[in-house]
Amino acid sequence: MELNQIRYFLAAAQNEHITRTADKLHIAQPALTKSIHRLEEELGVPLFLSKGRNIVLSEYGKYLMKRLTPVIEELDRIPEDLTTMARLEDRTIHLNVLAASTIITNAIIEYNRTHKDINFCLMQNAESDLYDICITTSSFYRIPDFKIEDEFKITEKIFLAVPVSHYLAQKESVELTDAANERFISIMGSRQFRWICDSFCEQSGFKPNIIFESDNPATVKKMIGARMGIGFWPEYTWGSLKDSSVKLIEISSPVCQRDILFNYRPNKVDNTSVKSFFSFLRKYCARKGL
């Protein structure tokens with residue numbers, strides 16, 4: 001069955017008249033009749049019966065009309081659905097957030113107050129290129145095959161987080177070697193942040209004694225607060241400390257910090273929404289003194 005045959009059949013079934021149907025379809029009557037006859041020959045059953053100057057559906061025709069009507073309606077909706085999808089996609093910003101998640105969350109909340117029509121889709125995938133804006137640690141940044149439209153970076157300080165009852169909590173700053181014999185709570189080894197913290201320890205001449213690790217930052221924070229051990233705390237990625245049972249201590253040696261890179265790629269037909277949010281993100285970071 002060809003699509004035109006189906007449309008001609010359904011039009012004739014609705015009008016029950018060949019001439020009127022041909023006029024509405026803007027085709028010659030013989031062409032319409034021939035199309036319907038070809039369809040009947042292909043299916044091997046009569047679809048219409050003559051009723052005076054009109055036609056009516058046979059039982060086979062009624063069955064075929066019942067089966068084909070929702071199919072054609074679905075096909076006819078596709079262009080509108082695609083247009084709607086395109087409009088929605090133009091208003092959806094895809095973010096690959098590999099660092100500074102607290103900053104991004106707060107920025108989205110603030111931006112959404114005045115841009116409620118914009119949707120955000122967040123992911124954390126270091127191997128994916130399917131994003132509009134990526135936030136990553138510059139140490140792990142790989143040069144993409146596609147064009148980067150704009151980028152900027154901020155520097156994030158990394159603190160040592162210790163229970164307030166810990167002896168190191170009496171200090172305002174420490175050298176990392178002071179913690180060489182401590183028990184560490186850590187993010188899983190697959191995370192960028194874990195690799196960076198392990199390298200800081202290596203610079204200080206020791207391998208951290210990790211007694212607990214989790215893929216969930218919230219779990220790491222809770223375990224430190226529960227006095228299970230100490231850990232590293234990224235200033236912007238994890239945000240300000242709300243747990244009064246934990247203290248953040250500055251590390252004086254080595255310098256524990258990392259550069260966080262924000263980049264934007266022109267990934268859509270209309271990149272207006274992405275450009276607007278990326279510009280806001282840059283100004284947001286500057287306003288926060290980051």
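**Exercise 1.** Find which residues of helix 1 meet which residues of helix 3, and state how the two helices pack.

*Solution.* Step 1: Gln5, Tyr8, Phe9 and Ala12 in helix 1 meet Leu32, Ser35, Ile36, Arg38, Leu39 and Glu42 in helix 3; contact means heavy atoms within 4.5 Å. The model is predicted, so local features need pLDDT of at least 70, side-chain atom pairs count only at pLDDT 80 or more, and totals for chains, interfaces and linings use all residues. Residues are numbered from 1 along each chain as its sequence is written, and side-chain values use heavy atoms, leaving out hydrogens and water.

Step 2: Helix 1 (residues 3-15) and helix 3 (residues 29-43) pack at an angle of about 105 degrees, and their axes are 9 Å apart. Helices here are DSSP runs of H or I with at least four residues, and strands are runs of E with at least two.

Step 3: The two helices are therefore roughly perpendicular, a term for angles of 65 to 115 degrees.

**Exercise 2.** Determine where Arg258 and Glu156 lie, and whether each is buried or exposed.

*Solution.* Step 1: Arg258 forms a salt bridge with Glu156, with the closest N and O atoms 2.6 Å apart. A salt bridge is a side-chain nitrogen of Lys or Arg within 4 Å of a carboxyl oxygen of Asp or Glu.

Step 2: Arg258 lies in strand 12 (residues 257-264) and Glu156 in strand 6 (residues 150-163), so the pair ties together parts 102 residues apart in sequence.

Step 3: Arg258 is buried, at 5% relative accessible area, and Glu156 is buried, at 0%. Buried means under 20% relative accessible area, exposed over 50%, and partly exposed in between (1.4 Å probe, protein chains only).

Definitions and conventions:
Axes fitted to C-alpha atoms, helices over the stretch in contact; angles between N-to-C directions. Parallel < 35°, antiparallel > 145°, perpendicular 65-115°, else oblique.
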